[in-house]
Amino acid sequence: MKATRIAVVGGGISGLAAAHRLRELAPTTEIVLYEAAERLGGVLETRRQDGFLAEQSADTFITNVPWGVDLCRRLGIESELLPTNDALRKAYVVCRGRLIEVPEGFLLMAPGKAWPIVQTPILSWRGKLRLAWEYFVAPRKDPSDESLKAFVVRRLGIEAYERLVQPLIGGIYTADPEKLSVAATMKQFVEMERQHGGLIRGMQQRKAREGNADSGARYSMFVAPRGGMSALVEAIAARLPSESIRLNSPVRSVSRQEDGVWQVATNSECETYDGVVVAAPAPAAAVLLHSQDEPLAAELEQIEYAGCAIVLLGVDRRQIAQPIAGFGFVVPEVEQRRILAASFASYKFAGRAPDESVLIRVFVGGACHPEMNELPDEQLRQIVLEELADLIGLSGELQTFSVRRWSAQMPQYHVGHLERVERIEALAAKHAGLTLAGNAYHGVGVPTCIHCGEQAAERLLEQLALGQVER
């Protein structure tokens, strides 16, 4: 392939993965990575404060898909990946004001073992019997999409939904399950129903194949770089030529010119490229591409986003009167509390807090309580301290405190999302030299974003190699 120029718009993990893959597969290609902010990584950010290593958003990535680990291997940082602490791989849920362990084998929205369900105080006997009745619930014949809440209530009953599934799924997507598409977010469980007739039957088959599963968030499948998630961002950036990275460079538009080249316009300049990977959030991508394709922009605009606030607290472990032997807890909506979840980051991985200290990350707001995201820091501090005092007996002065607000950063995969993504990809495919990447389409996890970015890079290079893009 002759020398080409490719622009990547967006320096989050998807854009970085795309740029890195372009560099791997076509090292003679000139790559320019545009990032509107003053740093790379998007929501991935690790800060060191008062001796604590504090993640500002995602603090792990899952390994049951290969793309995250594979990239770390190619970057030479696989040996830096830490597994979670085996001794504390448990999740808890708030139940009537107390922290109760998620039943062993309960995988997000499907029971893997009968006896833990029988024993748990989280569900009443009525709720347990209704959950057990799932075995006899006929599979849905209608192939159309349905909400996550509708799916779970239909199969497991309202109590299992309210007490277990809603808080566990809410902790992942900070979303409203009444609007969330089950096919777009929890496809594996839809497939269980279709292939095996139900979730209990599906879990039985899974157990026969794979053995026992961890409860809650499948913690044994998660890893993180020793230096935090920013270490992954830095490792990718180090593989790119320094002159190819343009920070503080918001892009205004992306459009194809009559001669077939693509023009990327910022506030200060316009440059032309043979191809472009747009790895910006869907609303931003809609603005960039509006002049190029209004129907495509209109579809992108329909993907809604939600945000949340993360309150980070560092405390002496002796300040916690009721410690838990687990990585954290989630809070059901029916508990009517003011927080969504709490994660004990220093329980997951060594090196996240000074000796005898604990780093706690508390999540507030989300799609169901957007007003909470904007409360002043001091008010959030007071709310979180009151909630943790009640739930884990926290008291005393804090060793560190900060608030990280993420406004409209989490795409909401509402019912019909998969069909919308199909339309978006069909419209984008009409423009030779343009590919899309990001967490707005096929998944919000770090490995999925990496895969999405790498696939976008590979599709673009294939178009260039096949001569589909005029140069």
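Reply:

**The core and its surroundings**

In this predicted model, the largest nonpolar core holds 47 residues. Met186 and Phe189 have the most contacts inside this core. Several elements give two or more residues to the core. The strands among them are β4 (52-55), β7 (91-95), β15 (305-316) and β18 (357-365). The helices among them are α5 (148-156), α6 (158-173), α8 (187-196) and α9 (199-210). The top contributor is α6, with 7 residues. A second, separate core has 41 residues, including Leu75, Ile236, Leu240 and Ala437. In soluble globular proteins, nonpolar side chains tend to be buried together.

Start with Phe189. Leaving aside residues up to four places away in sequence, Phe189 touches Leu107, Leu108, Met109, Ala110, Phe151 and Leu199.

Phe151 is the next stop. Phe151 sits in helix α5. Its relative accessibility is 0%, so Phe151 counts as buried. With residues up to four places away in sequence left out, Phe151 touches Met109, Glu146, Val182, Phe189, Val190, Glu193 and Leu199. Leu123 gives a sense of distance here. Phe151 and Leu123 are 28 residues apart in sequence. Their C-alpha atoms are 19 Å apart in space.

Now the strands. An open sheet is formed by 7 strands, in the order β8-β7-β16-β17-β18-β15-β19. Its pairing is mixed. The edge strands are β8 (98-101) and β19, and each pairs on one side only. On average, neighbouring strands of this sheet are turned by 25° against each other, direction ignored.

At the β8 end, β7 and β8 run antiparallel and are joined by 4 bridges. Cys95 has Arg98 in β8 as its bridge partner.

Towards the other end lies β15. How many of its residues are buried? The count is 12 of the 12, so β15 is largely enclosed by the rest of the structure. Its side chains point two ways. Tyr305, Gly307, Ala309, Val311, Leu313 and Val315 point one way. Ala306, Cys308, Ile310, Leu312, Gly314 and Asp316 point the other way. All of these residues are buried.

The pairing of β15 with β18 is antiparallel, over 9 bridges. Within it, Leu312 stands opposite Arg361 in β18. β15 is also joined to β19 (residues 400-411) by 9 bridges, and these two strands run antiparallel. There, Ala309 stands opposite Arg405 in β19.

Cys308 leads on to the cysteines. A disulfide is a covalent bond between the sulfur atoms of two cysteines. A search of the whole structure finds 0 disulfides. Cys368 is in none, and the nearest cysteine sulfur, that of Cys308, is 12 Å away. At 34% relative accessibility, Cys368 counts as partly exposed. For Cys452, the closest cysteine sulfur is in Cys449. That distance is 7.0 Å, too far for a bond. Cys452 has 9% relative accessibility and so counts as buried.

A second sheet is worth a look for contrast. It is open, with 3 strands in the order β11-β12-β13, and the pairing is antiparallel. β11 and β13 (270-273) stand at the edges with a single partner strand each, so one side of each has no neighbour in the sheet. Neighbouring strands here are turned by 20° against each other on average, direction ignored. β11 is joined to β12 (residues 262-266) by 5 bridges. Val251 stands opposite Thr266 in β12.

Ser255 belongs to β11 (residues 251-256). Is this residue buried or exposed? Its relative accessibility is 13%, so Ser255 counts as buried. The side chain of Ser255 makes a polar contact with the side chain of Gln257, at 3.2 Å. Ser255 also touches Val261, Trp262, Gln263, Ser291 and Gln292, not counting residues up to four places away in sequence.

Conventions: Residues numbered from 1 in each chain as written. Predicted model: local features only at pLDDT ≥ 70, side-chain atom pairs only at ≥ 80, totals over all residues. Heavy atoms only, no water. Buried < 20%, exposed > 50% of the residue type's maximum accessible area, 1.4 Å probe, protein only. Polar contact = N/O pair within 3.5 Å; in protein donor to acceptor, adjacent residues only side chain to side chain. Contact = heavy atoms within 4.5 Å. Core = buried A, V, L, I, M, F, W, Y, C linked by side-chain atoms within 4.5 Å. Pairing = 2+ DSSP bridges. Axes fitted to C-alpha atoms, helices over the stretch in contact; angles between N-to-C directions. Disulfide = S-S within 2.5 Å.
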